[in-house]
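Have a look at the sequence and the model on the screen, and I'll walk you through a few spots.

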Amino acid sequence: MSLERFLNQAVSSWMSEEGPDSDIVLSSRIRLARNFESYKFPTLFSHDEAKMIIANMEEVIAKSDLQRFGQMELLKIEEMQPLQKRVLVEKHLISPHLAEDSPYGAVLLTENEEVSIMINEEDHIRIQCLFPGLQLSEALDAANEIDDWLEDKIHFAFDEKHGYLTSCPTNVGTGLRASVMMHLPGLILTQQINRIIPAINQLGLVVRGIYGEGSEALGNIFQISNQITLGKSEEDIGRDLKGVVSQLISQERSAREALRKTSNIQLEDRVFRSLGVLSNSRIIESKEAARCLSDVRLGIDMGYIEKISKTILNELMILTQPGFLQQYAGGSLRPHERDIRRAALIRERLQMEQQK
């Protein structure tokens with residue numbers, strides 16, 4: 001494996017495969033924050049200490065007996081170009097914080113990209129497991145397996161009263177962030193989302209955009225995640241989130257059926273207009289592309305469109321991001337140039353799919 005392999009493959013296995021409720025739930029993610037007991041936290045440590053942590057992790061991984069996760073590749077942030085880091089962020093393999101604010105960081109990636117272990121981000125270690133569809137329990141089991149394996153080899157910072165100690169107080173306790181990425185066009189089109197989001201926040205959960213904190217909900221894609229990590233078990237956190245997500249799935253399906261009953265021809269027209277834009281545009285900005293891709297995916301899920309796979313849209317959501325467009329171009333592109341290349345790429349990919 002190599003950095004180029006992770007950069008050139010647009011869609012990770014967790015995006016190309018279908019899971020439970022995958023018409024609405026794109027992915028489930030579990031992230032565990034952990035810190036070495038014997039080192040200063042990343043907010044205070046030195047460059048030399050950061051290097052020692054990476055060296056320790058390299059030594060641990062060299063002795064890996066986690067057979068079911070396959071081989072892991074260590075990639076160092078300081079050895080990457082800005083564009084390469086941006087592509088890994090767009091693929092959800094590293095966080096924007098690791099890419100932009102952690103020059104002494106690194107990431108361990110499995111070949112299928114379901115497991116990502118970020119090193120020297122906000123905490124020394126952040127274990128991330130990504131699964132397709134609504135599979136929070138499966139993702140938590142995988143993360144716990146890796147966590148238990150690491151804990152046999154590393155002394156983590158832990159307090160009997162407060163649990164795992166982390167750089168940010170909001171992660172103290174379990175150190176767990178569970179999140180689900182959802183496609184919610186029905187709730188947007190029926191204007192229910194603005195009522196639902198405050199209700200979700202009152203339950204101790206947070207709703208963010210496609211790339212987490214501070215990002216937009218491009219293409220009607222939202223991340224729902226927990227805010228509370230202290231005073232609840234990992235299983236309770238996952239169960240509470242799954243309960244809310246299950247209700248959202250039900251509400252989204254009800255909204256789609258309501259649209260079919262009350263505005264069927266208008267919805268069908270919207271879907272095929274968006275397909276027409278994607279199939280014929282010569283210039284398209286990222287926001288318009290995301291909106292049209294969302295409409296087309298809704299059309300596939302509701303049976304209006306039959307010859308296009310929803311996994312192609314997952315692929316295009318990644319391929320049309322600025323980092324990926326420039327990666328394939330082999331260098332920097334001005335915004336106008338990206339818009340032209342984005343339109344061409346979408347046209348060509350849809351033509352390939354429809355010719356099958």
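Some ground rules. This is a predicted model, where local features need pLDDT of at least 70 and side-chain atom pairs count only at pLDDT 80 or more, while totals for chains, interfaces and linings use all residues. Residues are numbered from 1 along each chain as its sequence is written, and side-chain values use heavy atoms, with hydrogens and water left out.

Okay, back to H92. What is its phi? Phi of H92 is near 65 degrees, a positive value in a residue other than glycine. Is H92 buried or exposed? H92 is buried, at a relative accessible area of 12%. By "buried" I mean under 20% relative accessible area, by "exposed" over 50%, and partly exposed is in between, using a 1.4 Å probe and protein chains only.

Now Q191, which sits in the loop between helix 7 (185-189) and helix 8 (193-202). Phi of Q191 is near 60 degrees, again positive in a residue other than glycine. Q191 counts as exposed, though, at 69% relative accessibility.

In the loop between helix 4 and helix 5 (96-101) you'll also find L93. L93 has 0% relative accessibility, so it counts as buried. Which residues does L93 touch? Leaving out residues up to four places away in sequence, L93 touches S12, L88, V107, L109, E113, S116, M118 and Q128. Contact here means heavy atoms within 4.5 Å. As for helix 4 (residues 82-90) itself, its buried residues are Q84, K85, V87, L88, V89 and E90.

Next up, helix 3. It covers residues 47-62, so that's 16 residues, and it reaches 23 Å from its first C-alpha to its last, close to the 22 Å expected at 1.5 Å a residue. That expected span is 1.5 Å times one less than the number of residues. The buried residues of helix 3 are E49, A50, I53, I54, M57, V60 and I61. Seen down the axis, they fall within an arc of 140 degrees, so they line one face of helix 3. The arc is taken from the directions from the helix axis to the C-beta atoms. What covers the buried residues of helix 3 includes strand 2 (72-76) and helix 6 (136-151).

Helix 6 is also where N144 lies. N144 is buried, at 16% relative accessibility.

Last stop, helix packing. Helix 12 (residues 322-329) and helix 13 (residues 335-354) pack at about 85 degrees, with their axes 10 Å apart. That makes helix 12 roughly perpendicular to helix 13. Axes are lines fitted to C-alpha atoms, for helices over the stretch in contact, and angles run from 0 to 180 degrees between N-to-C directions. Under 35 degrees counts as roughly parallel, over 145 as roughly antiparallel, 65 to 115 as roughly perpendicular, and the rest as oblique. P322, L325, Q326 and A329 in helix 12 meet R338, R341, R342 and L345 in helix 13.

Terms used: Helix = DSSP H or I, 4+ residues; strand = E, 2+ residues; numbered from the N terminus.
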